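Look at the sequence and the structure first, then read on.

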Amino acid sequence: MERVEVTLDDDLAGDLARYARTEHVPRDDAAERLLSDALAEWRRDRAVERFAAGEVSFARGAEIAELDPWAFADLLQEREVTWVDAERVAAELDE
């Protein structure tokens with residue numbers, strides 16, 4: 001495991017301390033949990049953006065998002081990304 005040192009402003013440090021107290025976890029664990037959640041959201045956002053732009057296939061988008069295909073399809077629907085059209089399906093089937 002790698003250790004990372006970060007300097008936080010007072011407001012952010014206070015929020016982290018409150019989160020840690022509320023969740024009954026040490027601050028280090030709280031920071032790791034929040035960072036992990038934020039990076040997972042970033043991966044999902046990036047996957048949706050790249051898929052919507054036609055940069056990656058559906059399968060690759062699901063991989064980038066670290067979701068199974070069904071969950072990625074649900075995410076696309078939630079984000080109102082149109083992804084099922086005849087041309088795109090034909091291209092995906094050719095892969």
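Helix α2 covers residues 27–52, a run of 26 residues. From its first C-alpha to its last it reaches 37 Å, close to the 38 Å expected at 1.5 Å a residue. The model is predicted. The buried residues of α2 are A30, A40, A47, V48 and F51. Just after α2, G54 has a positive phi of about 80 degrees.

Two packed helices are described by the angle between their axes and the distance between the axes. The table gives these values for two pairs.

| Helix pair | Angle between axes | Distance between axes |
|---|---|---|
| α1 and α2 | roughly 100 degrees | within 9 Å |
| α3 and α4 | about 95 degrees | 9 Å |

Angles of 65 to 115 degrees count as roughly perpendicular. The helices α1 and α2 are therefore roughly perpendicular to each other. In their contact, A13, L16, A17, Y19, A20 and E23 of α1 meet R27, A30, A31, R33 and L34 of α2. By class, this contact of α1 with α2 has 8 nonpolar, no polar and 3 charged residues. A30, on the α2 side of the contact, is also one of the buried residues of α2.

Helix α3 spans residues 58–65 and helix α4 spans residues 69–78. These two, α3 and α4, are likewise roughly perpendicular to each other. On the α3 side, the contact is made by F58, G61, A62 and A65, and on the α4 side by P69, F72, A73 and L76. By class, the contact of α3 with α4 has 7 nonpolar, 1 polar and no charged residues.

In soluble globular proteins, nonpolar side chains tend to be buried together. The largest nonpolar core of this model has 13 residues. Which of them touch the most other members? They are A47, V48, F51, F58, F72, L76 and V81. Helices α2, α3 and α4 each supply at least two residues of the core. F58, F72 and L76 also take part in the contact of α3 with α4.

Two residues in loops have a positive phi without being glycine. H24 has a phi of about 60 degrees and sits in the loop between α1 (10–23) and α2. Is H24 buried or exposed? H24 is exposed, with a relative accessible area of 71%. E66 has a phi near 55 degrees and lies in the loop between α3 and α4. At 57% relative accessibility, E66 also counts as exposed.

Note on methods. Residues numbered from 1 in each chain as written. Predicted model: local features only at pLDDT ≥ 70, side-chain atom pairs only at ≥ 80, totals over all residues. Heavy atoms only, no water. Axes fitted to C-alpha atoms, helices over the stretch in contact; angles between N-to-C directions. Helix = DSSP H or I, 4+ residues; strand = E, 2+ residues; numbered from the N terminus. Parallel < 35°, antiparallel > 145°, perpendicular 65-115°, else oblique. Contact = heavy atoms within 4.5 Å. Nonpolar A, V, L, I, M, F, W, Y, C, P; charged D, E, K, R; others polar. Expected span 1.5 Å × (residues − 1). Buried < 20%, exposed > 50% of the residue type's maximum accessible area, 1.4 Å probe, protein only. Core = buried A, V, L, I, M, F, W, Y, C linked by side-chain atoms within 4.5 Å.
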